[in-house]
Amino acid sequence: MCSPETKSFSDELQRRLLLAVPKKGRLMEPSLQLLENCGIKYRKKARLDIAFSSNMDVAVVFLPAQDIALYVSQGRVDMGITGQDDILESQSEVNELVQLGFGKCRLCVQVPAGSSITDPRNLTGKRIVTSFPHLTKKYFTALNSDVETHISFVSGSVEIACQLELADAVVDLVDTGDTMRAAGLQEIAEILPSQAVLISNPRSKCQKEVDVIQRRVQGIIDAEKYVMIEYNVKRSNLSKAIEITPGKNSPTLAPLENQEWLSVKALVLRSETNTVLDKLQAVGGEAILIYDIQNCRV
């Protein structure tokens with residue numbers, strides 16, 4: 001029989017949306033920062049991988065990143081943050097809601113540096129070591145379905161397999177490439193790109209809460225993507241300026257004391273900021289200011 005404390009804990013889980021985040025690894029810190037930016041407050045107790053939010057009907061569940069897609073697809077948790085590579089490897093049925101822009105990497109075929117093998121088709125039938133056996137088998141089968149490529153699974157330190165003569169090549173994630181080069185490997189093919197994404201169970205019973213969190217996360221991502229620009233411009237040059245800063249729908253205009261001038265505000269892509277500044281100055285824009293955005297809904 002369950003103790004009263006166990007029943008209370010279980011009841012709390014039942015009434016809350018369960019949101020899974022990586023408990024360690026490269027995706028953990030940016031995932032936790034995203035929760036903070038979304039206003040999800042919680043306190044995690046030592047040796048307990050579930051934390052109840054104090055301001056939302058959410059329970060944060062800490063899981064290995066490679067397991068999150070499976071938990072979400074089976075409805076054990078409602079939402080999660082994990083890599084696209086882990087979703088595809090686990091063959092999980094989930095809704096991909098928002099691409100988060102961090103954890104970017106590529107799943108690549110790698111061979112010893114200086115190897116004569118430069119085409120992955122020359123590896124069919126050979127020994128491949130990887131942490132992604134499903135994706136690796138699918139890739140090499142597509143290259144040559146008549147030859148069985150020998151694929152071995154290891155849970156970590158994939159890059160040393162060639163040095164220990166366990167493999168002729170490896171399939172592993174590449175971020176900066178430093179680990180690959182340090183292990184004496186070189187990339188010969190990319191299987192797929194990957195990044196962290198927010199996912200949900202297609203049949204979640206907490207769809208209202210799912211929608212709220214999705215909107216909050218999208219707002220944070222959009223805020224990182226855009227900046228607000230404000231400047232003054234003569235009415236005679238307004239049409240040229242608006243062509244440069246059309247905003248999402250249209251720019252905001254405000255008259256100045258000098259009736260020949262207007263103040264203009266608009267969203268612009270952060271990546272295009274310097275180009276926009278140059279163009280505005282060229283058409284007579286003055287007092288041009290750029291503001292960072294902490295959060296938004298666009």
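**Charged pairs, then the buried parts**

Modeller: K44 is partly exposed, at 37% relative accessibility. That label sits between buried (under 20% relative accessible area) and exposed (over 50%), using a 1.4 Å probe and protein chains only. This is a predicted model, so local features need pLDDT of at least 70 and side-chain atom pairs count only at pLDDT 80 or more, while totals for chains, interfaces and linings use all residues. Residues are numbered from 1 along each chain as its sequence is written, and side-chain values use heavy atoms, with hydrogens and water left out.

K44 pairs with D49 in a salt bridge, and their closest N and O atoms are 3.8 Å apart. The term requires a side-chain nitrogen of Lys or Arg within 4 Å of a carboxyl oxygen of Asp or Glu. D49 is partly exposed, with 30% relative accessibility. By this rule, the count is 12 salt bridges.

Now a pair inside a helix. R15 and E12 form a salt bridge, 3.1 Å from N to O. Both sit in helix α1 (residues 4-15), three residues apart, so about one helical turn separates them. Helices (H or I, at least four residues) and strands (E, at least two) are DSSP runs, numbered from the N terminus. R15 is partly exposed at 44%, and E12 is partly exposed at 22%.

Next, a pair that spans the sequence. D168 meets R127 in a salt bridge, with the closest N and O atoms 3.2 Å apart. D168 is in the loop between β8 (150-153) and β9 (169-174), R127 is in strand β7 (residues 127-130), and so the pair ties together parts 41 residues apart in sequence. D168 is partly exposed, at 28%. R127 is partly exposed too, at 35%. Elsewhere, shared partners join the salt bridges of E12, R15, R16 and D57 into one network.

Next, a buried residue. T82, in strand β4 (residues 79-83), is buried, with a relative accessible area of 0%. Its side chain reaches the backbone oxygen of A65 at 2.7 Å. T82 also touches residues beyond four places away in sequence, among them L27, I68, Q195 and V197; touching means contact, heavy atoms within 4.5 Å.

Helix α9 (residues 273-282) buries T273, V276 and L280. Seen down the axis, these buried residues fall within an arc of 60°, so they line one face of α9. The arc is taken over the directions from the helix axis to the C-beta atoms. That buried set packs against β12 (226-234), α8 (238-244), β14 (261-269) and β15 (286-291). On the other side of α9, N274, D278, Q281 and A282 are exposed. G284 follows α9, and its phi is positive, near 100°.

Last, the cysteines. The structure has zero disulfides, a disulfide being a pair of cysteine sulfur atoms within 2.5 Å. C38 is in none, and its nearest cysteine sulfur, that of C296, is 12 Å away. C38 is buried, at 6%. C162 is in no disulfide either; the sulfur of C108, the nearest, is 14 Å away. C162 is buried as well, at 13%.

Notes:
Polar contact = N/O pair within 3.5 Å; in protein donor to acceptor, adjacent residues only side chain to side chain.
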